[in-house]
Amino acid sequence: MDTLALEAKNPNGEAEKKAAPRPRPKPPKKAKRIVYFEVEILDLRSKERLLLLDKVEPTATILDIKALFHKSNPKWYPARQAIHLDPKAKSLKDEEILQTLPVGTTCKFYFSDLGAQVTWGTVFLTECAGPLLIYLMFYFRLPFIYASKHDFTTSKHWVVHLACMCHSFHYAKRILETMFIHRISHGTMPLRNIFKNCGYYWFFAAWMAYYINHPLYTPPYYGITQVKTALIIFLICQLGNFSIHIALRNLKTPGSKVKKIPYPSKNPFTWIFALVSCPNYTYELGSWLGFTVMTQCVPVAFFTIVGFIQMTIWAKGKHRGYLKEFRDYPTLRSPILPFIL
């Protein structure tokens, strides 16, 4: 027994330790079961079934569903589609996810055709290029506009030439901003809107240009003082409008639709953000008020009033959107005019 005990000891006289038991391998994780959705797409008006999609992944977005619908109906590309949860409800956003919607695994969507679409950039460029060219046609007094004896003549009043420079500068600025500054969140708009938008801008451009460049045009009542004051207002507001567009651009990253609250920066022209939600419209209004005073022309005044009404509608809509989306949105701000409107 002593011999066996000695053999069991190691050279240091210590008993060998028993080998530690190996850990049992963990059982493989069971794969999560994916619950697929069955999506039925009906026509909004006739309630006729247009497509049945089975095994739609729960993480699919509305844009994914539009793409699947487009494969079966090539004439309805995604930008032309509007998908609704209910026939009377608003259309769903492209980024909304299927599993987050108030629907079961078997759901119905309603499709409506938005009609032929055109990009917002194309609309902006078209509606701005038209007034730029139309005004110049009247400025150079092309034939068939005024009496033939005035063809290709120029006005003797320097304010007419200044007005042409200001008008051309404004629309050239808008074209360049559309090309290089604006980040448009909405991809397309109905093609019919291009005729409505262009008709509005082109008509007013022709109307005001006809009278400002008319051979019988008379300069402003208060002369050079009125013109210089109006020019200063116009230029300040144009620079302010450009500064606001730069500030709004810096809020968005390319391809992102995340909205942020705009705040004043070191640029003094952005300090108006402390009082107004849409200062780009405020500066736009100021520019046309300056142009109205500069030219002392009734069509320009009428265009300014109509533009102010439209911009007020847009500003109120954006202001409501800010208040709805951000609980901490500054309560001191007004939509377009500080403390007034």
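**Contacts, helices, sheet and side-chain pairs**

Biologist: Which residues does Thr292 touch, not counting residues up to four places away in sequence?

Modeller: Thr292 lies in helix 7, where helices (H or I, at least four residues) and strands (E, at least two) are DSSP runs numbered from the N terminus. A contact requires heavy atoms within 4.5 Å. With residues up to four places away in sequence left out, the residues that Thr292 touches are Cys297, Val300, Ala301 and Thr304.

Biologist: What kind of model is this?

Modeller: Residues are numbered from 1 along each chain as its sequence is written, and side-chain values use heavy atoms, with hydrogens and water left out. Local features need pLDDT of at least 70, side-chain atom pairs count only at pLDDT 80 or more, and totals for chains, interfaces and linings use all residues, since this is a model that is predicted.

Biologist: Is Thr295 buried or exposed?

Modeller: Thr295 also belongs to helix 7, which covers residues 279-295. Leaving aside neighbours within four places in sequence, Thr295 is in contact with Ala163, Ile212, Tyr217, Pro220 and Val300. Residues under 20% relative accessible area are called buried, those over 50% exposed and those in between partly exposed (1.4 Å probe, protein chains only). Thr295 has 0% relative accessibility and therefore counts as buried.

Biologist: How many of the 17 residues of helix 7 are buried?

Modeller: Helix 7 reaches 24 Å from its first C-alpha to its last, close to the 24 Å expected; the expected span is 1.5 Å times one less than the number of residues. Just after this helix, Gln296 takes a positive phi of about 50°. Helix 7 is mostly covered, and of its 17 residues the number buried is 15.

Biologist: What covers the buried residues of helix 3?

Modeller: Helix 3, residues 120-139, spans 29 Å, close to the 28 Å expected. Its buried residues include Val123, Leu132, Ile134 and Phe138. The covering elements include strand 5 (117-119), helix 4, strand 6 (188-190), helix 5 (192-212) and helix 7.

Biologist: Which strands stand at the edges of the open sheet of 4 strands?

Modeller: The sheet has mixed pairing and the order 2-1-4-3, two strands being paired if DSSP finds at least two bridges between them. Each edge strand has a single partner, so one side of each is left without a neighbour in the sheet; these are strand 2 (49-56) and strand 3 (81-84).

Biologist: In strand 4, which residue is the bridge partner of Asp43?

Modeller: Strands of a sheet pair through backbone hydrogen bonds, either parallel or antiparallel. Strand 1 (residues 37-43) and strand 4 (residues 106-113) pair in the parallel sense over 6 bridges. Within strand 4, the bridge partner of Asp43 is Phe111.

Biologist: How many residues apart are Lys66 and Asp94?

Modeller: A salt bridge needs a side-chain nitrogen of Lys or Arg within 4 Å of a carboxyl oxygen of Asp or Glu. Lys66 and Asp94 form such a bridge, with their closest N and O atoms 2.7 Å apart. The pair links distant parts of the chain, Lys66 in helix 2 and Asp94 in the loop between strand 3 and strand 4, with a separation in residues of 28. Lys66 is buried at 5% relative accessible area, whereas Asp94, at 27%, is partly exposed.

Biologist: Why are Lys173 and Glu177 separated by about one helical turn?

Modeller: The side chains of Lys173 and Glu177 meet in a salt bridge of 3.1 Å, N to O, and both residues are buried. They are separated by about one helical turn because in helix 4 (residues 158-180) their spacing in residues is 4.

Biologist: What is the angle between the planes of Phe204 and Trp207?

Modeller: Rings of Phe, Tyr and Trp (its six-membered ring) pair if their centres lie within 6.5 Å; planes under 30 degrees apart are stacked, over 60 edge-to-face and the rest tilted. By this rule there are 26 aromatic pairs. Phe204 and Trp207 form a tilted pair, 6.0 Å centre to centre, with an angle between the planes of 40°.
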